[in-house]
Amino acid sequence: MRAIDELAQLPPPVPPPPSAVLEAELAKLTPIATRRPVRQLVLLTVVSLAYAGAIFAMLAIRHDVHELPGAWMICVGLAWLVGFIAPLYLATVPRAGQVVPRWQLAGVASMIGAIGFIGLGLVVHPSSAHGAAPDWQHVGRGYGCLEFGLATALVPVVIGAVFLRGALPVGSRWVAAALGAGGGSLGGLMLHLHCSITDGAHVGLMHGGVVGVSALLAAALVPRVTHLR
Amino acid sequence: MADAKDLMQRYCDGDAGAFRELYALVAPRLLGYLLKMARERALADDLLQQTFMKVHRARAAYVRGADPLPWIYSIAHRTFIDEARKHKRAVVRVGDVEELPEVPAGLTGESADRRDDGRADPELVTAALDALADLPHQQREAVVLTKLDGKSVAEAAAIAGTTTGAMKVRAHRGYEALRKVLGRTGEPAKKSTGGAR
């Protein structure tokens, strides 16, 4: 289209000089420490794991741990660990040469984490001789697990929000969801090591649900801090 | 002239001169984008200043070694969207009370004395701007970024905060809508210089 071609060929307009307010800011310009994504990710991971470890030290490991299949314990534990680190990585570390983190992938990771852990919990769960039997009396404890998981998720979400405060012009909701999903997965890992209920509904909805609830809460609240205004 | 990456790093190191160089490098392109989106020179100027103020306040979020241009464009994009929302709300309020007359937007977004290109056909440019203004803002943005500013679909998607698939669809729909409108407003299809670029 010729009209569009004509418009495209117009030379760029002459911009006005920087505003007086900006000039005043420039007059007192000082060096500033810029964001270091990998360092932030390492710090976020280490502090979150230390916090989770401190919580775990106050609790007991699940009493049926010796009766459960070792491979299941290790594989599920690793899955929770990957569910913790992968979304945090995508939420904090941009592609090489870019400033904004991979918010689209972070969003996808948070959804996969939430749906995946709920689904896996419902489908893949061992029955143990001393594991509590599935019935309605575990609903109350189920909420306890949810609260415990969310409390564990709090630290990674808060630290991530602090690291990314005012940094995201786009995709802040998805990045926040990924922080929540990562934190929720850490909570899920804690529950995997502590809670001895092996009922699929409990493991899926309460342990896996921590990831979804945490992602939703973070997506609702964290962009207030991380969105660039 | 140094590249944007180097200038941004020196700016973050406290070099105000680097900021001025960065401004000189980026502001014309950014203003061109904002003008095509907002269509009013005064508004585009204001959005440009707001964008650079935000860049200044958020410079700690910059990652060394990264190209700052997509990030700055994203900030400009958000600034425009926020302003458009405010403007929309203001228009609704005015419409409700019917106190003020409707004021048409400027045609080209810049005064005639500021336009320094004598080769462009003003009629065609005006027709293109009019047609652009009638597009939904997402399609307008897609056309401006991909067809007029020469960004790749991926770059445009990153700036607008959407997926490449959605950006492709928006650009295609926007371009098709423009083709229809510009066809009706007298731009001869025979004179076409090649269509989509």
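## Helix α3 of chain A against α7

In this predicted model, the crossing of α3(A) and α7(A) is right-handed. Helix α3, which covers residues 37-58 of chain A, packs on helix α7, residues 172-194 of chain A, at an angle of about 30°, and their axes lie 11 Å apart. Because angles under 35 degrees count as roughly parallel, this value makes α3(A) roughly parallel to α7(A).

On the α3(A) side, the residues that meet α7(A) are S48(A), A52(A), I55(A) and F56(A), and their counterparts in α7(A) are L186(A), M190(A), L193(A) and H194(A). Sorted by class, the contact of α3(A) with α7(A) comprises six nonpolar and two polar residues, with no charged residues.

## Helix α3 of chain A against α4

The crossing of α3(A) and α4(A) is right-handed.

From α3(A), this contact draws on P37(A), Q40(A), L41(A), L44(A) and T45(A), while α4(A) contributes I85(A), L88(A), Y89(A) and T92(A). The contact of α3(A) with α4(A) divides into six nonpolar and three polar residues, and no charged residues take part.

## The contact between chains A and B

Between the chains, the contact takes 42 residues from chain A and 58 residues from chain B. On the side of chain B that touches chain A, at least two residues each come from α2 (16-38), α3 (41-57), α4 (68-97), α5 (122-134), α6 (137-148) and α8 (164-184) of chain B. Of the contributors to this side of chain B, α2(B) gives the most, with nine residues. By class, the residues of the side of chain B that touches chain A are 30 nonpolar, 11 polar and 17 charged. For the complex, the predictor gives an ipTM of 0.82 and a pTM of 0.81.

## Two domains in chain B

Chain B is divided into domain 1, spanning 1-110, and domain 2, spanning 117-197. The contact between them takes 13 residues from domain 1 of chain B and 16 residues from domain 2 of chain B.

On the side of domain 1 of chain B that touches domain 2 of chain B, α2 and α4 of chain B each supply at least two residues, and α4(B) gives the most, with five residues. The residues on this side of domain 1 of chain B divide into seven nonpolar, four polar and two charged.

## Confidence along the chains

Chain A has a mean pLDDT of 88, with 93% of its residues reaching 70 or more. Within chain A, confidence is lowest in helix α1 (residues 2-9), at a mean of 74, and highest in α7(A), at 95. Over residues 128-134 of chain A the pLDDT is below 50, although this stretch has 18 contacts in the model beyond near neighbours in sequence.

Chain B averages a pLDDT of 77, and 76% of its residues score at least 70. In chain B, confidence is lowest in α4(B), at a mean of 75, and highest in helix α1 (residues 4-12), at 94. Over residues 92-118 of chain B the pLDDT is below 50, and this stretch has 30 contacts in the model beyond near neighbours in sequence; over residues 188-197 of chain B the pLDDT is also below 50, with nine such contacts. Where pLDDT is low, the predicted coordinates should not be read in detail.

Conventions:
Residues numbered from 1 in each chain as written. Chains lettered and ligands numbered in written order. Predicted model: local features only at pLDDT ≥ 70, side-chain atom pairs only at ≥ 80, totals over all residues. Axes fitted to C-alpha atoms, helices over the stretch in contact; angles between N-to-C directions. Helix = DSSP H or I, 4+ residues; strand = E, 2+ residues; numbered from the N terminus. Parallel < 35°, antiparallel > 145°, perpendicular 65-115°, else oblique. Left-handed = near helix turned anticlockwise from the far one by under 90°. Contact = placed C-beta atoms within 7 Å. Nonpolar A, V, L, I, M, F, W, Y, C, P; charged D, E, K, R; others polar. Domains from an automatic or database assignment. pLDDT = per-residue confidence, 0-100.
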